[in-house]
Amino acid sequence: MKATDISNPEYFHKVVDCQHACPAHTPVPEYIRLIGQHRYSDAYMVNWESNVFPGVLGRTCDRPCEPACRRGRVDEEPVAICRLKRVAADNKDDADVTARMPSIPTQKNGKKIALIGAGPASLTVARDLMPLGYEVDLYDENPKGGGFMRSQIPSFRLPESVLDQEVDYVLDMGVTRHFNHRVESIKSILDQAYDAVFVGTGAPKGKDLRIPGREDADANIHIGINWLENVAFEHVDKIGDKVVIVGGGNTAMDCCRTAKRIGGSDVNVTVRSTYEAMKASPWEKDDTLAEGIPILANHSPREFILEDGKLAAMTFNIVESSYDETGKRTIKETGEIVTIECTDAIMAIGQDNAFPWIERDVGIEFGEWDMPVVNKNTFQSTNKKVFFGGDAAFGPENIITAVAHGHQAAISIDLFLNGESVSDARPAPGTNLVSTKMGIHQWAYDSAVIDDDRQASAHLPVEQALLSRKVESELGFSLDVAFTEAERCLNCDVQTVFMEEKCIECDGCTDICPTNCITFTHNDDEGNLRDKLTAPSLNKDQDLYVSSDLPTGRVMVKDEDVCLHCGLCAERCPTSAWDMQKFLYTVTKAGNEPAPILVEQAGQNKKQEQAA
Amino acid sequence: MSFFKPNFRHPESPKNTLGLTTRAYEGGISTLCAGCGHDSISAAIMQAVWGLNIEPHRIAKMSGIGCSSKSPNYFLNKAHGFNSVHGRMPSVTTGANVANRELLYIGVSGDGDTASIGMGQFAHVIRRNLNMMYLVENNGCYGLTKGQDSATADAGSKNKKGRINPFESIDLVALALDLGATFVARSFSGDKEQLIPLMQAAMTHKGFALIDIVSPCVTFNNHAGSTKSYDYTRDHVQAGSVVDFVPVAQEITLDQIQGSTQNVELHNGDSVRLSKLSKDYDPTDRGHAIRTLLEHKAQDKLMTGLIYIEPESDNFHDTLNIPKTPLNSLKEDVLCPGKSALTSINEGLR
């Protein structure tokens, strides 16, 4: 294999699994360390720069980072990254954070942009473009910003105050609000003098279930996302006592828990799949069960039963799931039929995009599934002025993906309005790689690997939680628990950097490495090299770190997969051929300004160098 | 500075036939200088014992005084151990071995502990062919007392301050051969591929097995002018034979190694397979071994590998007719056979 080029930022980026897995590439270990140092405002700002809604995401994120977490590969469970984010948001100094918001130029640059839909994608675009001097008009049909974060996520999971604060950080930059204004025609927007338009209208159409009795029982059958929105905006404040939820995703979990709080005493979730195969996040399933709501798996809806013209029950076919070798699922009816009494039924079986308000003659091409044709990197549609992001771009995803889209779309809009190529002129990521060496065997990070198990987040007692839909049921980590959890982080961003010219091949690093990551052997192609490693190479997606030839003709090969970043290789190296260097990777935003954290750390490097 | 090794290990670490990963063979984190050859030797011991499928508690680690002799703390924490007096490891091991010959004895010593203060004990334990593996972690200097030349420092080599050693060195391998050792090998801490099978063969050998291991002292003897540095050793090493330890359970496929090969069967059916660089080399011929060793030395080459082996010999236990059962397991009726036995002994003396 060729020697690894560590000057390519993507190499070490891949080693920081959590950050790599995060759609917005939030520097996770960086902010976890700050939490460990009780620097909550700093941790919050690292988050905010990257994902705009740390308080929201710290409660509701889909957590793509956690399954990726390296700790999960060596320990039983990954670091509770999501809940640590919440710790930063809950314990930040509000005045300090407000003071650190970017300054907005009073002299505007003369370009005007319309954002349609006030969800996370649009708000992210506004957050990135306002500091550059753009004028931004934000349209939404609801009286407040936040989009699905407000309408879909119940207040007992995401308190309104948390959402308001983070939406306001963006709106207070001087975004012109056009709330209670449903855009019925994109032409009406394009006809105004906007230089660019961003569509972040989400996937607003809840799926319905067409089975016998559906029309007749209509008064007591609700579409999950619409019903949640009605509850959120207080158009609905109660439900019958017996409620059946159909569906097994996170919306179903939100629906049942909401129903339980506003009148449903006997609430059941029914799902066609097995319990294990449900789409809902495991922690949401746990929370649901903890509130005494049964989840009935293998229930396929059959019929709505009416009595006196009113919904009285639902019947279900009991089904069986089986999987073939390719993992393809077949669902077969067992013949058993079950009846569940209900006064109301809520359909939470998915959502679709809907663009009835986009005229098909404005140059926006539509493709498969009646979705707009949008470039995956630039988020530009076939009408060069119109950009898409969030669920509106490629179908339902999650908040953090919408934020990532928003950042990229903002870059495109900025490039487009400056007459540059939206595909070729995109900014490179900001990176910083600096030694953490403080002295002999001393590092600027806590290198010791602790054994603690994943900490559990505290919850309100169920009876208390169920009293109101506005009381947050999960209390989060106390500061002590947060510290323990933060210390579980393996600091995967502190990289093991190898300098072959210093190596005397004493084997000190190979001998000490607790997870047998390091092998000295003769070079070969990748497959053979992986076979020659001291310990089996389990994750072929993780690249090998290969040095150039050493004096004995061998090379150093490191399998990064289960490296604990404990620094022992560097401590046992007599010549400092290994060094622990902190790698910071930031996604550069519109305007090509380096991230504040990068500027701060680059400044520290300079001071260090001068002092040396 | 780290004082503890993290407790997490590779999730798919290979297991030996006992179901143990190398973790069960580890010791405390080393406090020797970073890069010390002794740490590599400790790692090789762990892997060798693991590979032989020996439970750690069947091992006794014996040592004297010095950097080398503190290293048993850094491997096989679940084994027995005795950190004895300077240069007296052989007699303590002899005592332990007599009391319990079921344990496997690993003696770890250094050039000072063996070639200076322990020279007399070293000579006699070889003479007695005590069943043990005797490792000399040989760095040519007294690392623990700031790097003075030791008795194995080569004449003409420079110490860290640039002073040239005027005295002739003691070649432990030549000495052992002369004293009748039944297993003599030399190796280099930086070559585990050679060292591990050598150790496995040495531990399987019945009788005294010496491995003299060049183990560079990174702090005091790893400079230009030293003849025990990593660079010098790598430049001058010449493997007389490449060794492969083949357990009896494993089929021998000769075609795996190119060139001239020779199998030497050990007492229990395991064998040592030698792939020889020179066709004429015969490691079972003591005279030949001594001559070849001297030839290499004259050419400024460091001959490594298995230099001499005598697979069948009477060891200390055979010679002294020591009971097979450890003393702590001998029952009272055996230890104290009673009046009739005493009477018959007395009768025999009349």
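Visitor: In the hairpin of S11(A) and S12(A), which residue takes a positive phi?

Guide: This is a predicted model. In it, the hairpin of S11(A) and S12(A) has five residues between the strands. One residue there has a positive phi near 85 degrees, and that residue is A:Gly327.

Visitor: How many bridges join S11(A) to S12(A)?

Guide: The two strands run antiparallel. One facing pair sets A:Ser321 opposite A:Ile331 in S12(A). The number of bridges joining S11(A) to S12(A) is ten.

Visitor: What is the order of the strands in the open sheet that holds S10, S11 and S12 of chain A?

Guide: Three strands form this open sheet, and the pairing is antiparallel. Eight bridges join S10(A) to strand S11, residues 310-323. In that pairing, A:Leu306 stands opposite A:Leu311. The twist averages 20 degrees from one strand to the next. The order is S10-S11-S12.

Visitor: Why is one side of S10 and of S12 in chain A left without a neighbour in the sheet?

Guide: Strand S10 covers 299-307 and strand S12 covers 329-341. Both stand at the edges of the sheet. One side of each is left without a neighbour because each has a single partner strand.

Visitor: How many of the 13 residues of S12(A) are buried?

Guide: A buried residue needs 20 or more other C-beta atoms within 10 Å of its own. S12(A) is hardly covered. Its count of buried residues is zero.

Visitor: How many residues of S25(A) are buried?

Guide: S25(A) spans residues 578-586 and is joined to S21(A) by five bridges. Six bridges join S16(A) to S25(A). S25(A) is mostly covered. Of its nine residues, the buried ones number eight.

Visitor: In S25(A), which residue is the bridge partner of A:Thr496?

Guide: S21(A) and S25(A) run antiparallel. A:Val497 has A:Asp579 as its bridge partner in S25(A). For A:Thr496, the partner is A:Met580.

Visitor: Which residue in S25(A) stands opposite A:Val434?

Guide: S16(A) and S25(A) run antiparallel. A:Val434 lies opposite a residue in S25(A), and that residue is A:Lys582.

Visitor: Which residues does A:Ile413 touch, not counting residues up to four places away in sequence?

Guide: Leaving out residues up to four places away in sequence, its contacts are A:Ile113, A:Val125, A:Leu129, A:Ala196, A:Phe198 and A:Phe387.

Visitor: How far apart are the C-alpha centres of domain 1 and domain 3 of chain A?

Guide: Domain 1 is 1-20 + 429-612, and domain 3 is 206-351. Five residues of domain 1 are in contact with seven residues of domain 3. On the domain 1 side, these divide into three nonpolar, one polar and one charged. The centres lie apart by 44 Å.

Visitor: Which helices of chain A give two or more residues to the side that touches chain B?

Guide: The contact takes 31 residues from chain A and 23 residues from chain B. The chain A side divides into 15 nonpolar, eight polar and eight charged. The helices are H7 (71-74), H21 (508-512) and H23 (568-571).

Technical notes. Residues are numbered from 1 along each chain as its sequence is written. Chains are lettered from A and ligands numbered from 1 in the order in which they are written. This is a predicted model: local features need pLDDT of at least 70, side-chain atom pairs count only at pLDDT 80 or more; totals for chains, interfaces and linings use all residues. Two residues are in contact if their C-beta atoms, placed from the backbone, lie within 7 Å. Helices (H or I, at least four residues) and strands (E, at least two) are DSSP runs, numbered from the N terminus. Ala, Val, Leu, Ile, Met, Phe, Trp, Tyr, Cys and Pro count as nonpolar, Asp, Glu, Lys and Arg as charged, and the others, Gly among them, as polar. Two strands pair if DSSP finds at least two bridges between them. A residue is buried if 20 or more other C-beta atoms lie within 10 Å of its own, exposed if 12 or fewer, and partly exposed in between; C-beta atoms are placed from the backbone. Domain bounds come from an automatic or database domain assignment. Axes are lines fitted to C-alpha atoms, for helices over the stretch in contact, and angles run from 0 to 180 degrees between N-to-C directions.
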